[in-house]
Amino acid sequence: MTLTDYALAILSTCGGLAGLALLFAVWRKPGRPLLLGLGWALVTASLVVWFLVNLDRGVAQVSSLLMLLVAFAITWPGLKGVNGLQAPVRVRKVALARPSASQLAVRIGSGVWTFLLAGPIAGAIALYAGGALLRVTAPDTGNPANAAVTAYIISLFLWALISTLLLMEKHSLRRTLYAGGALAVVLCAALL
Amino acid sequence: MAKSLWPKSSSERVDSALSAHTVMGLVISALLFVICVSGTIAVFEDELEWWEQAGTPAVHEVSPAVMQATADEIMRRDPETTHLYLYPPRDNWPRFVAGGDNGVFVLDADGTFLRELKAPWNDFLIELHYYLTLPHQPGMILVAIFGVMLVSMAISGLLAHPRIFRDAFRFRRHGQARLAQADLHNRLSVWTAPFLVAVAGTGAMIGLFGVVALVFAQTNYEGDTKKLAEAIFGGEVVEPDTTRTPLNGIDTALISLERDIPDANPFIVIVHEPGTRSQHIEIYGDETDRLIYGETYTYSTDGELLATGHNADGPMGQQVAMSMYRLHFGDFGGALMKSIYFLLGILLCIIVATGLNIYFLKRREKGRHAPRLEAMWSGWIWGSTAMFPITLIASMLGLAGAGLIALYWLGSVAFSVGATIWMTAASAGRAFRLVLGLALLAAPLLQLIRGDVDGSNAYALTASALMLVTGAAFAAKAVRARHAPQGDAVAPSRVG
């Protein structure tokens, strides 16, 4: 980076911070669309300038810096003042029914099965879905890197998403059926 | 209040998402916290490695002739090695190390072998963060799965909090402890979300490559697991030929690179199949405006450029894949960027810790107070953190390898169990923060007493100074908190 690049980068970082300050001001007192637009424009401009100055590394650098500054600015007083588990808290007295041994066993078994569904089985669904996608997108000739990396990234994101969705399903039988059905479909698509 | 851009969620969906978020958090938080803390510290793995041998000098430049002589000496010491690795100094890293398959050495600018590179605590840190100290293959897969689960937590967290962007600046410091903890957890999660997803996603991509290669081999590459790597990074440049021949050409390759690409900025030189007819030299050049690990230039021993990796200007997929490492470890802007990543890592650890704090505070409010579990969690958080400087001291006193691993896990469990049996969450937090502070103070003092410090080594001196300051801060805060009037850990009488 040249001296001019550094100057531009510092200026655009200040611009990005000013943009975030404007967004904060609009959040405090809403109904000011001009300031809202200006805030977003300044944040975007800082990313664009850093890209021009230092390409993708520049975007990562300014994003990290802005994230850190804002996160600290918002939470620093809280980090100093929040007592975590030491804080006094209202406690209700409730008579708790202890589960029987059989109820406990069912609960543990269900937990283990849920863990298997949301972990390895969701993973198998996602990875074979990625494989199926790659079968469709891989070029017959030419460089396969784009298709391979896209399928790879999508399969990992799918894994995270499927885990979440399976855990969100409250009925364990339905959860199992969804997972089993999805696994069967992706295995057929990927291997047949 | 401004309208939310986030789509409206039904309360049932929010409940389901929150339940998924809680279940996942309960299952993964303890080990995820260890992975996050070790990863936060591992941002400085190079600096800490040097700190462990702080008596070795800074090196600012190494000539091609010295590189060749160094390679010759490594071959003499390790004739069966299949690769030679030479790491010449660069702009923001003034160190020269080199080695083969069976050992790496620290050298000075003249190529004198000063000592074998030994950094047992750094090795332990890597074992913990990369593999959770398990055998490497399953360990790396397990850690990578934690990365996927962290992304999953981010998804369920977003679904569970439909107002999370609308409340992006909200922080209630007073009032109910749970709300303050929830605000801390949610605000940090929102504002560090790109970092969180980038670190977790890149970690998952790095660690699951073998598994994905296995699956894609079945679905696309007729069972050949090497094909995925070849599809992304390209194949071998030179066909293997094991006929013995003298090692040469490293100096010629470096001179040719200087002539061919003057701003290549080489930082790694790897000699493949050294001492055979197929030996060739792969040089990594630092692209200082890119996230890619480096551009690769492959030379023959007579200085002919055989291939360029095209990591910087090849297909986008290849560029993305080559950017995973630097994006994961924050190695894209020298010490300043690493420091920013370190602080963001600490925020991630706070997110994990406060997540379970919220769970315990909710339990209290619902009348299902679990003081033992709370103490156990507090003991785990602060105990497992305190074990990092404690193991560092132990390694300076001679413990290494499995001993350090055993000490870390047994110590962390002992802290947690001790807290469960004898302490409250609050007292465990105070006591173990004091232990953490004292251990952080002791490590650099021990190094000073041993006299293993080079005054010219700014990296090691800075690391020592930071340990002293952080240690003093933790110890002072813990001592102050001990003497301050305490609020009740629980106040059951307030509400009947």
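Predicted model: local features only at pLDDT ≥ 70, side-chain atom pairs only at ≥ 80, totals over all residues.
Biologist: Which residues make up the two domains of chain A?

Modeller: Domain 1 covers 3–77 and domain 2 covers 113–191. These bounds come from an automatic or database domain assignment.

Biologist: What does it take for a residue of chain A to be called buried, and what percentage of the chain is buried?

Modeller: A buried residue has 20 or more other C-beta atoms within 10 Å of its own. Of the 192 residues in chain A, 41% are buried.

Biologist: Why are strands S1 and S2 of chain B called paired?

Modeller: Pairing requires at least two bridges between the strands. Strand S1 (residues 83–87) and strand S2 (residues 97–100) of chain B are joined by 3 bridges, so they pair, and they run antiparallel. B:Leu86 stands opposite B:Ala98 in S2(B).

Biologist: What is the order of the strands in the open sheet of chain B, and why do S4 and S8 stand at the edges?

Modeller: The 8 strands follow the order S4-S3-S2-S1-S5-S6-S7-S8, with antiparallel pairing. Strand S4 (113–116) and strand S8 (305–308) each have a single partner strand, so one side of each lacks a neighbour in the sheet. On average, neighbouring strands of this sheet are turned by 20° against each other, direction ignored.

Biologist: Which helix lies across S1 of chain B, and at what angle?

Modeller: Helix H3 (residues 64–77) of chain B runs at about 140° to S1(B). H3 lies across S1, S2, strand S3 (103–107), S4 and strand S5 (266–272) of chain B.

Biologist: How many bridges join S7 to S8 in chain B?

Modeller: Strand S7 (residues 295–299) of chain B is joined to S8(B) by 3 bridges, and the two run antiparallel. B:Thr298 has B:Ala307 as its bridge partner in S8(B). In their hairpin, with 5 residues between the strands, B:Gly303 takes a positive phi near 85°.

Biologist: How many residues of chain B are in contact with chain A, and what is the cut-off?

Modeller: Contact requires C-beta atoms within 7 Å, and 86 residues of chain B are in contact with 65 residues of chain A. Helix H13 (residues 334–365) of chain B supplies the largest share of the chain B side, 11 residues. That side divides into 54 nonpolar, 19 polar and 13 charged residues.

Terms used. Residues numbered from 1 in each chain as written. Chains lettered and ligands numbered in written order. Buried ≥ 20, exposed ≤ 12 C-beta atoms within 10 Å, placed from the backbone. Helix = DSSP H or I, 4+ residues; strand = E, 2+ residues; numbered from the N terminus. Axes fitted to C-alpha atoms, helices over the stretch in contact; angles between N-to-C directions. Contact = placed C-beta atoms within 7 Å. Nonpolar A, V, L, I, M, F, W, Y, C, P; charged D, E, K, R; others polar.
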